[in-house]
Amino acid sequence: MKRILIASDLSERSQRALQRAVSLAKQFGSELSVLHVVDDDQPHALIGGESRATEAALRDHLDRSGGSDLATVPIISVVAGDPFRAIADEANRLEADLIVMGSHRKRLLGDIFTGTTIERVMRLGGRPVLMVNREDDAPYSNVLAAVDLSEAAAHALQAAQGLGLLDPDRDAAVHGFVPLGEGMMYYAGVERERVDEHVAVSASQARTAITRFLRDNGFGKLSNLLLIEKGTPFEAIGAGIHQLQPDLLVIGTRGYGGLKRVLLGSVADEVLRQVECDILAVPPDTAGDPAGAS
């Protein structure tokens, strides 16, 4: 991980994210850049004054987060514009390996129709985004990866390992399955024992498929701690988090856009809004499967 971009709005959420970004920069010897975007829909004189005050505040936040101890002096930038585009553009300009942001501020209907800032940054920039929810900035040691059988899931695993945030020898994976026909069996009055047998067979088949998928993509060791949970992907992720209490969740994102995304949503959308551990969200590989993911 050579370059990290932390996007800060000077909130308490962003302070936690800054602490994590500084910690990662120290851990991996990465170059750290700090970005704040001011609203450009105001008089130019006000923008200039706000930018100078913001830069001073960012330096203070950085010092309090231990940024002065980094081997390479962090770069602080304050720009005017649309935050989604500005963050993505800066990440592309820097060729950042990772964008770090504070946890999502829930806005109900606003989220449904515009998505979170993090989601929009990923769609514009196509780079992994770490959403920081926790105050702890110790190195991640308990990581859970959400997996299905998609190219995007494999890409998310590869990206997380490449960033040094996933260790297959130590970390775990979770997969959700829904037994086909289970509801009809109950409706038809099939004995509970037979239904349970059907669910057990479905779980075994799911485990076999995911184990093969992990092995074929070079992550066979993740199957040593593989959770197979009955339910939707989000329900399975919730069950995995409840069992393992990870400090980081790795998940791939879908490439949906526009009305299709509003109607269908995605597992990653729900995770970003509700999961309380830190989340590494990896957008799809444009050279691989741009439409599929968790």
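**Sheet**

I began with A7, whose bridge partner in β2 is L35. I then looked at the strand pair around it: β1 and β2 run parallel and are joined by 5 bridges. I count two strands as paired if DSSP finds at least two bridges between them. Strands (E, at least two residues) and helices (H or I, at least four) are DSSP runs, numbered from the N terminus.

This is a predicted model, so I note the limits: local features need pLDDT of at least 70, side-chain atom pairs count only at pLDDT 80 or more, and totals for chains, interfaces and linings use all residues. Residues are numbered from 1 along each chain as its sequence is written, and side-chain values use heavy atoms, with hydrogens and water left out.

I traced the sheet next. It is open, has 10 strands with mixed pairing, and its order is β3-β2-β1-β4-β5-β10-β9-β6-β7-β8. β3 (75-80) and β8 (226-230) stand at the edges; each has a single partner strand, so one side of each lacks a neighbour in the sheet. From one strand to the next, the twist averages 25 degrees. For angles, axes are lines fitted to C-alpha atoms (for helices over the stretch in contact), and values run from 0 to 180 degrees between N-to-C directions.

**Charges**

How many salt bridges does a search of the whole structure find? I got 13. The criterion is a side-chain nitrogen of Lys or Arg within 4 Å of a carboxyl oxygen of Asp or Glu.

I looked up R3 and E31, whose side chains form a salt bridge at 3.8 Å, N to O. The pair links distant parts of the chain: R3 is in strand β1 (residues 3-7) and E31 in strand β2 (residues 31-38), 28 residues apart. R3 counts as partly exposed at 29% relative accessibility, and E31 is partly exposed at 41%. My classes are buried under 20% relative accessible area, exposed over 50%, and partly exposed in between (1.4 Å probe, protein chains only).

R59 and E55 form a salt bridge too, with their closest N and O atoms 3.0 Å apart. Both sit in helix α2 (residues 44-64), 4 residues apart, about one turn of the helix. An α-helix has 3.6 residues a turn, so residues three or four places apart point the same way. R59 is partly exposed at 41%; E55 is partly exposed at 29%.

I also checked R20, which lies over the face of Y140, at 3.9 Å from the ring centre. The test is NZ of Lys or CZ of Arg within 6 Å of the ring centre and within 35 degrees of the ring normal.

**Helix α8**

I compared lengths here. The 25 residues of α8 (residues 192-216) should span 36 Å, and the end C-alpha atoms are 36 Å apart, which agrees. The expected span is 1.5 Å times one less than the number of residues. Buried residues of α8 are V195, V199, S202, A206, I210, F213 and L214. R215 forms a salt bridge with D216 at 3.8 Å between closest N and O atoms. D216 is exposed, at 56% relative accessibility. Just after α8, G218 takes a positive phi of about 85 degrees.

**Positive phi**

Most residues other than glycine have a negative phi. I noted L10, not a glycine, with a positive phi of about 70 degrees. L10 is in the loop between β1 and α1 (12-28) and is partly exposed at 26%. Q245 has a positive phi near 50 degrees. Q245 is in the loop between α9 (233-244) and β9 (248-252), and is exposed at 54%.
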